[in-house]
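The model comes first, then the entries.

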Amino acid sequence: MRSQVKNCFANSAYIGSVRKVGRPRKDKVLNVIAKNPVGRPRKDQVLNVIAKNPVERPCKDPIVPTKLKGFTSNKNKNFINTKFAGTILSAMKKYKCNDNNYFIGALDSVENNTSECLIYNGIEKENILLVESNSDIARSHIEKNFKTYYGSLEDFANNVDKEIYTDVEAILEKKCWGWYFDMCGTIATQKKGILDTIEKLNLVNGSVLACTFCKSRVPNKVHEHEKKLFINNVNILTEQKGFRCKRIDNNNFNYSGKHIFKRSRECHMDVLMFVLKY
C-alpha cells in the first residue's frame, strides 16, 4: 500500500513537470514574430538589396528641347489661315484696293503657314508684317525676307526698340487690311497686346481681324466671360474709328487637337473673326 502511494506521488510529480500544450501567452507570440518577421520587408532593407544588386534597365532616348514649334500638319490652323486670307482678298476686291500702300499683320510659326497662305492667295511678301517675341523664330522670319518685328504686341504698339528692329511708325502709317492674332494663351493674358495694337492700326473699310485663343486652361465660364468682355472692347475700339464690327465666325471655326468642326463645348481653341464696315 505504501509503495502504491509512493508511486502515485512520483507520477504526480512527473505530470507536473510536463509542458502544457495549448495557446501560448501573447508576449511569447509577439517575441517570436519580432525575431522572425513574415511579410513585406522594411524600406531600408529593400533599399539595401537594390543597392547591392542593381537591375540594369535600358536608357531612354534623351529628350532634345526644341525652340522652334511648328504646325505644318495642323489642318485646323490651315483652315483658319485659308478663311482669313480669303476674306481679306474678297474685301480688297470689293472695295477696289488698287494701291500698294498697305500691310497685313500676323503672328506666325516657323513654317510661316499663315504668311504662305496669304502669298498663295495673291498677297505680296513685302506687304506682310510678322510680330514675334521668340528671337529664334524672328530671325527665321528675317532669313526668309519677311518684314519682322522682334518683340511682343505691347512692345510693337508702343514702338519699343528691339534687337531686331523694324520701323514701326512707317508701317502704322500704311493701311491695315487685316491682322491674324494667332495666340496660344488665354484671353486674359493676351487681350492687352491685341487691343493696344488694334488701337494703333490704320484700319480701312473691309479690314479683317482674327484671333485664336486657348480655352482649355481656364473654366469654361471664365473663358466665356472674358470672351464677352473682349468682344465688347473690340467693338468700342472700332466704333471710335468709325466702323461697325461684324463677327463672321461661328462654332464650326473652333477646334480641338486634330479634330476640326468639333462641338463648341469640346473645343480646345476658340476662334474670333471680325470684318469692319463703315
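The entries below go topic by topic.

I am working with a predicted model, so I note its rules: local features need pLDDT of at least 70, side-chain atom pairs count only at pLDDT 80 or more, and totals for chains, interfaces and linings use all residues. Residues are numbered from 1 along each chain as its sequence is written, and side-chain values use heavy atoms, with hydrogens and water left out.

**Cysteines.** I looked for disulfides (a pair of cysteine sulfur atoms within 2.5 Å). I found 0. Cys245 is in no disulfide, and the nearest cysteine sulfur, that of Cys211, sits 9.5 Å away. I also looked up burial, where buried means under 20% relative accessible area, exposed over 50%, and partly exposed in between (1.4 Å probe, protein chains only). Cys176 is buried, at a relative accessible area of 0%.

**Salt bridges.** Side chains of opposite charge can pair when their charged atoms come close. I counted a salt bridge when a side-chain nitrogen of Lys or Arg was within 4 Å of a carboxyl oxygen of Asp or Glu. The structure has 7 of them.

I took Lys77 and Asp182 to begin with; their side chains form a salt bridge at 3.2 Å, N to O. Which elements does this pair tie together? Lys77 is in helix α4 (residues 75-94) and Asp182 in strand β4 (residues 175-182), so the bridge joins parts that are 105 residues apart in sequence. Helices (H or I, at least four residues) and strands (E, at least two) are DSSP runs, numbered from the N terminus. Lys77 is buried at 8% relative accessibility. Asp182 is buried too, at 15%.

Next I checked Asp270 and Lys227, whose side chains meet in a salt bridge at 3.1 Å, N to O. Asp270 belongs to strand β9 (residues 269-277) and Lys227 to helix α10 (residues 220-240), so this pair links parts that are 43 residues apart in sequence. Asp270 is buried, with a relative accessible area of 2%. Lys227 is buried at 11%.

Then came Asp249 and Arg247, a salt bridge with its closest N and O atoms 2.6 Å apart. Arg247 is partly exposed at 36%. I also noted a network of salt bridges that links Glu154, Lys192 and Asp196.

**Helix packing.** I looked at helix α9 (residues 187-200) against α10; their axes come within 11 Å and cross at roughly 5°. Axes are lines fitted to C-alpha atoms, for helices over the stretch in contact, and angles run from 0 to 180 degrees between N-to-C directions. Angles under 35 degrees count as roughly parallel, over 145 as roughly antiparallel, 65 to 115 as roughly perpendicular and the rest as oblique. The two helices α9 and α10 are therefore roughly parallel. For contact I used heavy atoms within 4.5 Å. Residues in this contact include Ile194 and Leu195 of α9 and Phe230 and Val234 of α10. Lys227, the salt-bridge partner of Asp270, is among the α10 residues in the contact.

**Positive phi.** Lys96 is not a glycine, yet its phi is positive, about 55°. Lys96 is in the loop between α4 and β1 (102-106). At 65% relative accessibility, Lys96 is exposed. Asn112, also not a glycine, has a positive phi of about 60°. Asn112 sits in the loop between β1 and α5 (113-120). Asn112 is buried, at a relative accessible area of 1%.
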